[in-house]
Amino acid sequence: MTTTLSESPSGGRLFASARLPSFRLLWLGQVLSLLGDGFSYIAFAWITLSLTQSTLALGIVLALQAIPRALLTMVGGSLSDRFSARALMTMSSWARAAVMTAVAVAGFAGLLNIVLLCVAAALFGAVDAFFQPARMSILPTVVDKDMLVPANALLSVGSRGAAVLGPAIGGVVVAFSDAHFAFLVDGVCFALCGLCVSRVRTLREPAAPTAEQGPLESMLTRIKAGIRFAVADPRIRSMVAADMAVTFCYAGAFTVGFATLAKTQLDGGATTLGILSGALAGGAMLGGLAGGAVSIRPRVGLMVAALTSWLAIGMLVLGLLPGTVTAVAAVLAMGFGIGFEGVFTLSWVQRNVDESMLSRVISFDMVLGYAVAPISLVLCGALADVRPDLMFIGAAVILGATTVGVLSSRPVREMR
């Protein structure tokens, strides 16, 4: 299955991995899973509000879904490293399909209430935690290392497209049918995802697990080993710190900030909010495609610094030069940078971290992102009520400081 891409034209390079049946199955499985995630958000939100008429209840249901996911993500990463990412993705998909189908059946039977919905949300978040790190670490076992960048580009485009389409299609399903039908469609998406992933054929089988002292001690030991590995390597440590900074600025400034700009400073209201969100997603998809098409292997550390400085400039534009055209252009450019840089940094991690440790490193990064995102949302919400421009300027300062930190490390600057 070895494929050399160095002499391939950009178009052939980008789509080379798509000629592999296992990659196509993986791509389709991930798209179906993210479509299901989008459906699940709409389904849980709509049914909760229909049952309770309470936004507090909605917040509780969504929190019950998010908390188990955050708590169990590193467990999922540890299991993925020890056993099989493909098996974990398959079991998680079928478990999510069972949960969503059960909710649909309970709804059609008139048995669904807020307690059952809370239990379902918690179960869904718990089993989803086993899918996420596995889907980020499985690629090196499906394609050769020289195909990682273009393959990640195609996965990124499919994932971002599904993340946009999932809630939109879910909303249409809810609007034109029984709301419980959205859970059934969601279950079908996850079941098909499990079927696709189960048929993926990897390049090599995972190493057999070694004898451990006990399941709990073994799990904690493995998780600690993954954290120590990520923290000890200055390159990975810097990338994780930069990712945290980007997530912190991204979560609040883009979520709260877009809504604030659209409502208070830009023309068009909700339409403008949709355009800004679409520009971010569209820019990221274009950036991912561009990154996958080029044949260079850049210095990844310098690319991380370039992204953080690029985002800092964009944040300053949003804060200091409010206007619909400039805002859309800045968001589109920032999205492009996120998509372009993302395929190279993820590919670097997949190429340079041993597969026996890869999922734990990725899950550690994911958990830190889960931790900083709600803090960012709260802080940005508070700033937006007083001075929206300070929200964007503050994000720019954090990103600028991150750029300096990344460039100050020689091992990071020399990463390829």
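Me: Are F44 and F183 buried or exposed?

Reply: F44 is buried, and F183 is too. Buried here is under 20% relative accessible area, exposed over 50%, partly exposed in between (1.4 Å probe, protein chains only). A quick caveat: this is a predicted model, where local features need pLDDT of at least 70, side-chain atom pairs count only at pLDDT 80 or more, and totals for chains, interfaces and linings use all residues. Residues are numbered from 1 along each chain as its sequence is written, and side-chain values use heavy atoms, with hydrogens and water left out.

Me: Why is the pair F44 and F183 called edge-to-face?

Reply: Rings of Phe, Tyr and Trp (its six-membered ring) pair if their centres lie within 6.5 Å; planes under 30 degrees apart are stacked, over 60 edge-to-face, the rest tilted. The F44 and F183 centres are 5.4 Å apart with planes at 85°, so edge-to-face it is.

Me: What makes S84 count as buried?

Reply: S84 has 17% relative accessibility, so it counts as buried.

Me: What makes R96 sit over the ring of F131?

Reply: The rule wants NZ of Lys or CZ of Arg within 6 Å of the ring centre and within 35 degrees of the ring normal. R96 lies over the face of F131, 4.3 Å from the ring centre.
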